Amino acid sequence: MRWWSFANLVSNAGTWMQLTVQNLLVLQLTGSAAATGLSLSVQAGPGLLMGLAGGAAVDRWPRKVTAAVSQAVLGVIAFTTAALIAFDQLNYGILLALAGVTGLIATIDGPACALLGNDLVPTEDVPSAIAVGSLVHSVGRLGGTALAGLSVGVLGTGAAYAANGLSFLFVAAVIPFLRPVSAALRRPAGTPDAAAAAVPAAEPEPEAGTGARDGLAFFLRRPRLVALAAVTGLSAIFGRNYQLTLAVLVTGPLGAGAAAFGTVSTVLAVGGILGAVLAARLRKPTVALVGALAAAGALLQIVAGFSPSLIVLLVLVLPMSVVESISDTAGTTVLQTDPPAHMRGRVLGVWRSASTGWGLVGPPLLGFLMELAGARGALVAGGLIIAGAVAAGGLLQSRRRAATGPVPAPCPTAA
């Protein structure tokens, strides 16, 4: 697990180097901000359209082989881009094609690597492993963004792609030496398998086939996964686009500049790291916990919308980011441990499609809301929508439980 975490730190730093430089490269090639946005959409598009198929492939193929091959292919794409830059053969059309292929491979690589990391620890330590992954992602993002500026200034844009290619090959080289925990060690005492421990007796296991559509049907028949998607989707659209809402708030109503927003972004990153560290103590997170954390973050967001000064905003931003990070880790843990083992790749595929969808819809919708209500109004309205939805869901669940009554205890058997 230590080797896997180190490899992912290197890979995340390389990925953020490439993402940062890719935006600069598109601007150099086209001079158009719209073209930059299109390149990001092309790379994200396969996640929306092919997420189900990618998850089904992960369930069907050997996990270590799948992760190693997908990492190697992503490395080849990065090296190809670096070579095209070095020989001055890269144009916008080729860059879009490479971005699309990268997004397609990522539909397989994402769930394969996520589940492989969980395979390296006993079931009770999976929440901690996911929290470590979140911490690695946050640190890698900070480091990769900083290294991108250094590489462009000293070595040119191609160097970032070459570095990312090396990071992918490093992960591919580490994977064969990983030793997943055996099924016996991953099985909680007294249960037939790890997945059964996560399923209450009152909720029968939905039947599922082996295809991509079966994964979607399983997801939709699983109430806690649907509830998790609803809470996370609303939070992603109305509550977590801080790079957009807080940028407008800081530079507009608060009258500060770009440097001040850089400070806000740094505090957000620090809060994400602190939240990941705290989330490592989670053992059995639930959808109810995710909802409570989402509501808490929404209330903080509402207060942030009324911030009279930058100092007050900075005080609120830190707990907002901490709560968001813990909520993300809790939700990811439920997502990756609640389904039975043979369905987890397809469940992650469904999730990738859904998250790509709200990732594409969220910024334009939030931008329209800010046009109508301003940055403060968007923060307050978004917080009210999230908190109201969580409260309504909790009330509905309570009434449903009251109507059905408690689950009867099994009859004692004779000794």
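Predicted model: local features only at pLDDT ≥ 70, side-chain atom pairs only at ≥ 80, totals over all residues.
**Overall look**

I started with the secondary structure, and the chain comes to 15 helices and zero strands. Next I checked burial: of the 415 residues, 46% count as buried. I also looked at how far contacts reach along the sequence. Among contacts with a separation of 6 or more, 84% are between residues 24 or more positions apart.

**Helix 1 on helix 5**

I looked up how helix 1 (residues 2-30) sits on helix 5 (residues 126-154), and the two pack at about 45°, with axes 6 Å apart. That angle makes helix 1 oblique to helix 5. The crossing is right-handed. From helix 1, I listed S5, N8, L9, N12, A13, W16, M17, T20, V21 and L24 in the contact. Helix 5 answers with V132, V136, H137, V139, G140, R141, G144, T145, L147, A148, S151 and V152. Sorting this contact of helix 1 with helix 5 by class, I get twelve nonpolar, nine polar and one charged residues.

**P46**

My next stop was a proline in a helix: P46 lies in helix 2, which covers residues 33-60. Is P46 buried or exposed? I count P46 as buried because its relative accessible area is 12%, under the 20% cut-off. Leaving out residues up to four places away in sequence, P46 touches G51, G100, G103, L104 and T107. I also noted T356, 310 residues from P46 along the chain, where the C-alpha atoms of the pair are separated by 8.9 Å.

**Helix 10**

Helix 10 (223-238) has 16 residues and reaches 23 Å from first C-alpha to last, close to the 22 Å expected.

For helix 11 (242-251), I have Y242, T245, L246, A247, L249 and V250 as buried.

I then took the pairing with helix 12 (residues 258-279) on its own: helix 11 packs on it at about 145°, with the axes 10 Å apart. This crossing is right-handed. On the helix 11 side I see Y242, Q243, L246, A247 and V250, meeting A260, F261, V264, S265 and L268 of helix 12. By class, the contact of helix 11 with helix 12 has eight nonpolar, two polar and no charged residues.

**Helix 13**

Last, I checked helix 13 (residues 287-305), which has 19 residues and reaches 27 Å between its first and last C-alpha, close to the 27 Å expected at 1.5 Å a residue. Its buried residues are V287, V290, G291, L293, A294, A295, G297, A298, Q301, I302, A304 and G305. I noted the glycines among them, including G291, G297 and G305. What covers the buried residues of helix 13 includes helix 10, helix 11, helix 14 and helix 15 (344-404).

**Cross-check**

Conventions: Residues numbered from 1 in each chain as written. Heavy atoms only, no water. Helix = DSSP H or I, 4+ residues; strand = E, 2+ residues; numbered from the N terminus. Buried < 20%, exposed > 50% of the residue type's maximum accessible area, 1.4 Å probe, protein only. Contact = heavy atoms within 4.5 Å. Expected span 1.5 Å × (residues − 1). Axes fitted to C-alpha atoms, helices over the stretch in contact; angles between N-to-C directions. Left-handed = near helix turned anticlockwise from the far one by under 90°. Nonpolar A, V, L, I, M, F, W, Y, C, P; charged D, E, K, R; others polar. Parallel < 35°, antiparallel > 145°, perpendicular 65-115°, else oblique.
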